[in-house]
Amino acid sequence: MKIIRSKAELRAMTEDWRRAGDSIGVVPTMGALHAGHLSLVEAACAATDRVIVTLFVNPKQFNNPEDLAKYPRTEESDAEKLTPYGADVLYVPDGAQMYPEGFATTISVSGVSDGLCGATRPGHFDGVATVVTKLLLQTDADQAFFGEKDYQQLQVVRRIAEDLDLKTRIIGCPTIRESDGLAMSSRNLRLDDRARATAPVIREALSRAAIEIREGVSVETALQSARSRLTDAGMGEIDYLEFRGDPDLAILSTADRPGRIFVAAWLDGVRLIDNVPVHEASQHERRLEPAD
Ligand code: AMP
């Protein structure tokens, strides 16, 4: 796997690939790679001839400078983790490559980016939309792979590709979880042992609420008991806990069409997010559901 740091070198590489008739896949990441990221790399390697993994901790998508400063940066071990997967390039641009002197353009998506993380992290999705658009163009990708763990981000990226007539197909991949159900995240590294033991309640509470809504409990009641479950287990402030339509992410007060439950909550100074579908039961939910 070649490590490339400049746009010019990346362009030369993708042009070579194009001449050879190869298709290109891209997996955008901010590094501190875990099995969730690696599942995207695996999907990309299975779908396209050439795969570029990008590693860029994008300052424009952090609304909190402390969060940006604390974000783990582990390029060397990330490169090692990727080695067995067969990605062709690890693209690691620096700030000057991405946002050179005079940079003045922002991509802003309305609708799907308004609520949830868009409401609680002002400017976040403008930063995501801008960097992802640049990465899709820089890598000349036919397909780009994103995790459902960041479901709102996935819908924002789908919107951009559609609205800006990008040729890149956006592929959503399932959330990879620890064995106790906690969604894998680079931020989990910042939880101390006690907080790490509490964190699986997030998925537990969402799954229970999904089952309750499927069984006919009102959305309001199901979300209220999920909120109590989180608070009773020791979770801190809840930024949002909402049932939203899929894929438009409109707020739903009844389960009359497919939707997902979304949460962002704080634990030990770390903000964790997760989401589960309500209408298709996950394996975990099927285990929790009473047998007929
Ligand atoms: P990040 O490095 O956190 O910006 O994430 C890079 C990509 O990996 C995004 O498309 C995320 O949605 C995806 N991702 C992060 N965590 C997971 C996970 N647990 N399962 C699947 N995809 C994930």
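Student: Which backbone atom lies 2.9 Å from an oxygen atom of the ligand?

Tutor: A backbone N or O atom of G147 does. That pair is a polar contact, meaning N or O atoms within 3.5 Å; within protein, one must be able to donate a hydrogen and the other to accept it, and residues adjacent in sequence count only if both atoms are side-chain atoms. Before we go on, this is a predicted model: local features need pLDDT of at least 70, side-chain atom pairs count only at pLDDT 80 or more, and totals for chains, interfaces and linings use all residues. Residues are numbered from 1 along each chain as its sequence is written, and side-chain values use heavy atoms, with hydrogens and water left out.

Student: OK. Where does G147 lie, and is it buried or exposed?

Tutor: G147 lies in strand β5, residues 143-147. Helices (H or I, at least four residues) and strands (E, at least two) are DSSP runs, numbered from the N terminus. G147 has a relative accessible area of 18%, so it is buried. The cut-offs are under 20% relative accessible area for buried, over 50% for exposed, and partly exposed in between, with a 1.4 Å probe and protein chains only.

Student: What does G147 touch?

Tutor: Not counting residues up to four places away in sequence, G147 touches L40, L154 and C173. Contact here means heavy atoms within 4.5 Å.

Student: Back to the ligand. How many residues surround it?

Tutor: There are 17 residues around the ligand, and the closest are M30, H37, D150, I176 and M184. A residue is near a molecule if one of its heavy atoms lies within 4 Å of it.

Student: Which side chains have polar atoms by a ligand oxygen?

Tutor: H37 and D150 are two to look at. An N or O atom in the side chain of H37 is 2.9 Å from an oxygen atom of the ligand. For D150, a polar side-chain atom lies 2.6 Å from an oxygen atom of the ligand.

Student: New topic: helices. How do α1 and α7 cross?

Tutor: Helix α1 (residues 7-19) and helix α7 (residues 124-139) have axes that come within 9 Å and cross at roughly 50 degrees. That makes α1 oblique to α7. The axes are lines fitted to C-alpha atoms, for helices over the stretch in contact, and angles run from 0 to 180 degrees between N-to-C directions. Under 35 degrees counts as roughly parallel, over 145 as roughly antiparallel, 65 to 115 as roughly perpendicular, and the rest as oblique.

Student: Which residues meet there?

Tutor: From α1 you have K7, L10, R11 and T14, and they meet L137, Q138 and T139 in α7. The residues of this contact divide into two nonpolar, three polar and two charged. Here Ala, Val, Leu, Ile, Met, Phe, Trp, Tyr, Cys and Pro count as nonpolar, Asp, Glu, Lys and Arg as charged, and the others, Gly among them, as polar.

Student: What about R11, what is it in contact with?

Tutor: Leaving aside neighbours within four places in sequence, R11 is in contact with L137 and Q138. R11 and L137 are 126 residues apart along the chain, and their C-alpha atoms are separated by 10.0 Å. R11 is partly exposed, with a relative accessible area of 41%.

Student: Which residues other than glycine have a positive phi?

Tutor: L116 and D165 are examples. Phi is near 45 degrees for L116, and near 55 degrees for D165. L116 is in helix α6, residues 116-120, and is buried at 3% relative accessibility. D165 belongs to the loop between α8 (151-163) and β6 (169-173), and is exposed at 67%.

Student: Last one: what does A264 touch?

Tutor: A264 touches I238, D239, Y240, R271, L272 and I273, not counting residues up to four places away in sequence. A264 is in strand β8, residues 259-267, and is buried with a relative accessible area of 0%.
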